[in-house]
Amino acid sequence: MVAASTFAVGLGPASAAPRFDSPMTDAEYGPAGPLPDPGDKARSPLTDLAAYPKLTSGQLAAKVAAESVARESADQRESAPFMELTDTSTLPDGRVRVTHFTFIPGTDATKAVKSLRERGFKNVKQEQPEAKPNASDSGIGAFGPNDCALGQARSVTCPNSWWSNLGRNNPVVLFNDHSSAAWPTTNAVYKWNQTPNIDSWYTWNNCNPSNVHCVDVWSGNYGDTGGLIGETVHYYIPPNHGRIIDAVVRLNDWYQPDTWTRNAMVTHELGHVLGLGHNQWSGDVMHQYVGTREDIGGENPALLAQIYSIDRQ
Ligand SMILES: [Zn+2]
């Protein structure tokens, strides 16, 4: 349980009853007031790219080949699945908002969908493990044309979702972490930075460098949100549906998964931020059920390297 002094979202004591009406998914920004204790993360320097080198094309090809043979790894484990739901909505101001919701194991999917719909998320979907390729469906969770996929890794939207370069050789997504020490955001950022053609940087509560995309990662004690432990939100402006203009991650400190699961979960949410959707490998960090793996795998960085092989200003 988070100490009372870090409980700063103004909800009062966490209630025992599920509350899908928490501001967790309503506010575009994180909790106001004092930030949670970041622990050692507050001293993390801006990501040193030399310390976290990119995968070479050879290393990337080897990872993809290895996974096509055996889609398991030593750090994969059996785990109760975290359910994922996805909503796509057009906001009154014209932006398109895609939200990935992550729920703790044991959450009743029917109740969760019903509650989210009552709160205005009218397009909530749960991807089906048995889904078949469907080139005519451009929606989230459906297989699209080849330009949004490599192997079974998927992008958030079809065509691809992407961040613009902003004049840099690689687009930079600077994860501006405001989350508590319990969330291993640093680890996840460094893992994703191995991906060629896009840079993932970490800072704590600071986003100064120019020509970067600042993505806030918040945590707060949002109370018992009916199993809702985390979410990643993307915003787009049509018709450039693939151009991500903003994203935010929110994590609920009320729930207390173990460290391994937190690593898997944060890695998964940050993969979404970079443009990845869900795939159908049960042993992949971007599987629709979170919590079976914590490393980035082979297909995911390969897809991102492909997406970001094009410079978009
Ligand atoms: Zn997800």
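This is a predicted model: local features need pLDDT of at least 70, side-chain atom pairs count only at pLDDT 80 or more; totals for chains, interfaces and linings use all residues.
## Overall layout

The chain holds five helices and nine strands. Reading from the N terminus, the order of elements is α-β-β-α-β-β-β-α-β-β-β-β-α-α. Of the 313 residues, 47% count as buried.

The mean pLDDT of the chain is 79, with 78% of residues reaching 70 or more. Among the elements, strand 5 has the highest confidence, at a mean of 96, and strand 3 (residues 149-150) the lowest, at 72.

Two stretches deserve a separate mention. Over residues 1-23 the pLDDT stays under 50, and the model has 45 contacts beyond four places in sequence for them. Residues 129-145 also stay under 50, and for that stretch the model has 25 such contacts.

Strand 1 (residues 83-90) and strand 2 run antiparallel and are joined by eight bridges.

Strand 2 is mostly covered, with six of its eight residues buried.

Strand 5 (residues 172-178) pairs with strand 7 in the parallel sense, over six bridges. Within this pairing, Leu-174 finds its bridge partner in Cys-214 of strand 7. Strand 7 (residues 213-220) is mostly covered as well, since seven of its eight residues are buried.

The loop between strand 6 (199-204) and strand 7 contains Asn-205, and Asn-211 lies in that loop too. Phi is positive, near 55°, at Asn-205, and it is also positive, near 55°, at Asn-211. Are these two buried, partly exposed or exposed? Asn-205 has 13 other C-beta atoms within 10 Å, so it is partly exposed. Asn-211 has 11 within 10 Å, so it counts as exposed; the cut-off for exposed is 12 or fewer.

In helix 3 (residues 185-192), the buried residues are Thr-185, Ala-188, Val-189, Lys-191 and Trp-192. Seen down the helix axis, these fall within an arc of 160°, so they line one face. What do they pack against? The answer is strand 5, strand 6, strand 7 and helix 4.

Helix 4 (residues 259-274) is largely enclosed by the rest of the structure, because 14 of its 16 residues are buried. Its length checks out: at 1.5 Å a residue it should span 22 Å, and the end C-alpha atoms are 23 Å apart, which agrees. Gly-275 follows helix 4, with a positive phi near 125°.

Helix 5 (residues 299-307) is also largely enclosed, because seven of its nine residues are buried. The buried ones are Glu-299, Asn-300, Pro-301, Ala-302, Leu-303, Leu-304 and Ile-307.

## The nonpolar core

Which residues touch the most other members of the largest nonpolar core? In this core of 59 residues they are Phe-103, Val-173, Phe-175, Val-215, Leu-270 and Leu-274. Helix 4 supplies the largest share of the core, six residues.

Phe-103 is worth a look in the viewer. Leaving out residues up to four places away in sequence, Phe-103 touches Phe-82, Met-83, Ala-112, Gly-227, Leu-228 and Ile-229.

## A buried arginine

Arg-250 sits in strand 9 (residues 240-252). Why does Arg-250 count as buried? The cut-off is 20 or more other C-beta atoms within 10 Å, and Arg-250 has 26 such neighbours, so it counts as buried. Its C-alpha atom is 9.3 Å from that of Glu-269, a residue 19 places away along the chain.

Conventions
Residues are numbered from 1 along each chain as its sequence is written. Helices (H or I, at least four residues) and strands (E, at least two) are DSSP runs, numbered from the N terminus. The expected span of a helix is 1.5 Å times one less than its number of residues. A nonpolar core is a set of buried Ala, Val, Leu, Ile, Met, Phe, Trp, Tyr and Cys residues joined through C-beta atoms within 7 Å. Two residues are in contact if their C-beta atoms, placed from the backbone, lie within 7 Å. Two strands pair if DSSP finds at least two bridges between them. pLDDT is the predictor's confidence in each residue, from 0 to 100. The arc is that of the directions from the helix axis to the C-beta atoms.
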